[in-house]
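Q: Could you show me how to read the features of a protein model, one at a time?
A: Gladly, let us look at it together.

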Amino acid sequence: MFTSLLYLHTKQSELAQPTPATLKDLQLMKVFKAIQQKSIQDLSEIFKHPLTNDSEIKYRQKIFQDLIQPPVLAAVEQFEREFLGHQQFKAAISYHYDGEIRNYELLIVLQRNLKSLAKLLQTLDQLACQSAGLRSWCLYLHKFFQADPTKQLQTEIAALIQKMQELHYSLTINGTKITVSQKIDQGMPVNALLKQSFAPLLNSQSVVQNDLIKPIPKESGINNLQVLILHSLAQVYPAEFHELSRFYQKYFEFADPVIERVAQEFNFYTAVIKYQQQIKQTYQVDFCYPQLVATKAANTVTASFDLALVTTAPSKIITNDFALRFEENFLIVSGPNQGGKTTFARMVGEDYYLFKLGMPIPGEKAVLSIKSQILTHFERQEKASLLTGLLAADIERIYQIVTASDQQTLVIFNELFSSTAVVDAEQMGTTVLQRLIKKGVTGVYVTFLAKLSSLPRTVSMQSQVSIQTTKRTFKIIRGQPNNQADAISLLKSYHLTAAEIKRGGADES
């Protein structure tokens, strides 16, 4: 039975949340905040509950693929603008204490909601959506409109609106006294009479061209005078307003929980789509739907990038590829400082996490397996209050990660053991990697310790610099560590190459 556009079978409460460290290290909250700005609903709980199985992920992916089509997206966005959820309505009318206004508003809201639902259903039927989620949603709406309670509601709405439209009244204004009474002689409506009387002025080209008469801005809400008039009108037509009150009492709690839920869930999809479309148009990059593969199969992503970095509005985006093939567990990323290594590691973690949300991920093409958990540890600044020291904190966190990991875990390390000697760092790094690889864990290890890439089941990746310069390209590619190139780059940045030193000595002499 259809209940949600976000969850096929799983309940949100059954999904585990990521560790705070993971969200912080991958800077995912920056990404989520940027998406949230595109939505009127709070999406935080969706972001914090990644999916855990392939059927749930595919369910969302297929819905995204339907909604990305412009006619479908336009229809859903119009529905979002028009549909007012029951809780929203309750919040809105809490400010209205007058019964007549409150009663009439419910009538109009229910009429509008039914119309927007019917319009959306008609459009989706015509567009023949392919996803199981949207097809199930359409089937649910067909059953909803065929149900007797819905038919009765539609009949009562039509009849009551017809009666309200047939009410005619006149206002007699005498100083501060206003008398409301039934209008017997219809005559010409005041609006039409005014247009007729002032037609020469309103149709004058000089008046129109010079914008001498400006339209009266529409008011929002209702003022006290209108409240009093409506209250008096209820006394003039007691039977009709009594029926309106009865309608309110009968249908105030009328709400379909599935429709209410789906109306909110649409916001997740449309917000993500609008957010990604903006990035695509600005930077000419792509997003893709990863193909799901088994845990031990090769994982690859082509032309991906760091979404957290995009939130800083860079002038351009540098894309990178990554791959963990058969019998490869860890990418060992090294190279000169400020070369994009941390950004690369963050990109990999983001791709796996967004993939588990069923979202399109940055890239042209991707093949990924589901990771039950993503565990991270990035270098942190030592605090004076941390009496145990940075190294002890590193060891404690890494122990927790190694203990909690299994073959479905993705681990991302960034600059471990930087507070200790190189020999000790290499020994501890080797021990950590060997234990994780033995458990079948995959991941990324950013380090200045190039020796770690010689371990079995590891792959060396290097951040690049332009040839004969120290300029970083921010491209990370497969290749053995080139310590000499890194050293030359560093010497050039400080003008300490042999040629520069000799030239300096010659100048001094």
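Q: Where does glutamate 415 lie?
A: Glutamate 415 is in the loop between β11 (409-414) and α19 (422-438). Helices (H or I, at least four residues) and strands (E, at least two) are DSSP runs, numbered from the N terminus. Before we go on, this is a predicted model, where local features need pLDDT of at least 70, side-chain atom pairs count only at pLDDT 80 or more, and totals for chains, interfaces and linings use all residues. Residues are numbered from 1 along each chain as its sequence is written, and side-chain values use heavy atoms, with hydrogens and water left out.

Q: Is glutamate 415 buried or exposed?
A: Buried means under 20% relative accessible area, exposed means over 50%, and partly exposed is in between (1.4 Å probe, protein chains only). Glutamate 415 has a relative accessible area of 14%, so it is buried. Its phi is positive, about 55°, although glutamate 415 is not a glycine.

Q: Which value does phi take in glutamine 338?
A: Phi of glutamine 338 is near 60°, again a positive value in a residue other than glycine. Glutamine 338 sits in the loop between β7 (330-334) and α17 (341-356). With a relative accessible area of 67%, glutamine 338 is exposed.

Q: How many salt bridges does the structure hold?
A: Side chains of opposite charge can pair when their charged atoms come close. A salt bridge is a side-chain nitrogen of Lys or Arg within 4 Å of a carboxyl oxygen of Asp or Glu. The structure holds six of them. In one, glutamate 156 pairs with arginine 246, with 3.5 Å between the closest N and O atoms. Glutamate 156 lies in helix α9 and arginine 246 in helix α14 (residues 238-251), so this pair ties together parts that are 90 residues apart in sequence. Glutamate 156 counts as buried at 16% relative accessibility, while arginine 246 is partly exposed at 37%. Glu156, Arg246 and Lys250 are linked in a network of salt bridges.

Q: What links arginine 346 and aspartate 306?
A: Their side chains meet in a salt bridge of 2.6 Å, N to O. Arginine 346 is in helix α17 and aspartate 306 in the loop between β5 (299-304) and α16 (307-310), so to speak distant parts of the chain, 40 residues apart. Both arginine 346 and aspartate 306 are buried.

Q: How many cavities of 30 Å³ or more does the structure hold?
A: On a 1 Å grid over the protein atoms alone, a cavity is a set of points where a 1.4 Å probe fits but cannot get out, and lining residues have an atom within 4 Å of a point. Grid points are joined across faces, edges and corners, and a volume is the space filled by probe spheres set on the points. The structure holds one cavity of 30 Å³ or more, and about 170 Å³ of space lies in the largest cavity.

Q: Which residues lie nearest the centre of the largest cavity?
A: Of the 17 residues in its lining, Phe83, Leu110, Asn113, Phe254 and Glu260 lie nearest the centre of the largest cavity. Helix α7 gives the most to this lining, with six residues.

How values were computed:
On a 1 Å grid over the protein atoms alone, a cavity is a set of points where a 1.4 Å probe fits but cannot get out, and a pocket is an open set with protein on both sides within 12 Å along at least five of seven lines; lining residues have an atom within 4 Å of a point.
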